[in-house]
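Here are my notes on the structure you sent. Please keep the model open while you read them.

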Amino acid sequence: MTADSFWNARVDDLPLHPQSDTFISSIGRTRGVHPDFGSGLWEGHPIGIPYTVTDGAPGVGVTFDYDDESDPAPYPIPRNAPIEGGSDHHILVVDSSTCVLHELFDATWQANGTIHAGSGARWNMNSNAFRPLGWTSADAAGLP
């Protein structure tokens with residue numbers, strides 16, 4: 001995201017939202033935080049989503065379960081790109097030559113050298129643009 005993106009805005013001096021207390025209560029006041037920053041194991045796999053940086057890797061064919069909400073193939077996924085463990089099987093690749101983040105959800109390599117995934121999304125990291133309204137993203141939150 002660009003320096004002027006609202007994602008980079010300071011929030012520490014903003015007033016509390018009028019429903020802040022309701023939000024906190026619905027989450028649970030004594031509930032712990034579950035950060036996915038790659039520390040420890042879950043079901044035998046490292047916690048967190050690994051990523052790969054490439055510099056213009058060749059494009060790979062990808063088919064999707066949700067192709068109507070996925071950015072079309074090819075995706076520059078190196079064969080050795082790690083796949084997230086657990087149930088989501090994300091592949092994240094940042095192409096440093098284009099400054100684009102490529103995301104796949106529920107990705108598996110196929111015998112023919114292509115990938116099948118639930119969905120795929122591209123994010124131009126030099127832009128504040130969103131995906132089309134109503135479209136999913138690889139993490140289902142609509143965010144890079």
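The points below go from the whole chain to single residues.

1. **Ground rules.** This is a predicted model, where local features need pLDDT of at least 70 and side-chain atom pairs count only at pLDDT 80 or more, while totals for chains, interfaces and linings use all residues. Residues are numbered from 1 along each chain as its sequence is written, and side-chain values use heavy atoms, with hydrogens and water left out.

2. **Overall make-up.** Helices (H or I, at least four residues) and strands (E, at least two) are DSSP runs, numbered from the N terminus. The order from the N terminus is α-β-β-β-β-β-β-β-β-β. Along the principal axes, the C-alpha atoms fill a box of roughly 55 × 40 × 25 Å.

3. **Surface and burial.** Of the 144 residues, 28% count as buried. Buried means under 20% relative accessible area, exposed means over 50%, and partly exposed lies in between (1.4 Å probe, protein chains only). The accessible surface of the chain is about 9,500 Å². Carbon and sulfur atoms account for 57% of that surface. These areas come from the Shrake-Rupley method with a 1.4 Å probe; for residues, only the protein chains shown count as cover.

4. **Contacts along the sequence.** Take the contacts between residues at least 6 apart in sequence: 50% of them join residues at least 24 apart. Contact means heavy atoms within 4.5 Å.

5. **An open sheet.** Which strands form it, and in what order? The order is β4-β8-β7, and the pairing is mixed. β4 and β7 (108-109) stand at the edges with a single partner strand each, so one side of each has no neighbour in the sheet. Two strands pair if DSSP finds at least two bridges between them. β4 and β8 (residues 115-117) run parallel and are joined by three bridges. In β8, His-116 is the bridge partner of Thr-63.

6. **The core.** In soluble globular proteins, nonpolar side chains tend to be buried together. Here the largest nonpolar core has 13 residues. Such a core is a set of buried Ala, Val, Leu, Ile, Met, Phe, Trp, Tyr and Cys residues joined through side-chain atoms within 4.5 Å. Val-62, Ile-77, Ile-91, Leu-104 and Ile-115 have the most contacts inside it. β4, β5 and β8 each give two or more residues to this core. Leaving aside neighbours within four places in sequence, Leu-104 is in contact with residues including Val-62, Ile-77, Ile-91 and Ile-115.

7. **Ile-83.** This residue sits in the loop between β4 (62-64) and β5 (91-95). Is Ile-83 buried, exposed or partly exposed? Its relative accessible area is 32%, so Ile-83 is partly exposed. Beyond its neighbours within four places in sequence, Ile-83 is in contact with Pro-50, His-89, His-90, Ile-91, Ala-107 and Trp-109.

8. **Backbone details to check.** Where is the cis peptide bond? A cis peptide bond joins Ala-73 and Pro-74, with omega about 5°. Pro-74 lies in the loop between β4 and β5. Cys-99 is not a glycine, yet has a positive phi of about 60°. Cys-99 lies in the loop between β5 and β6 (100-105) and is partly exposed at 29%. Asp-106, also not a glycine, has a positive phi of about 55°. Asp-106 lies in the loop between β6 and β7 and is partly exposed at 28%.
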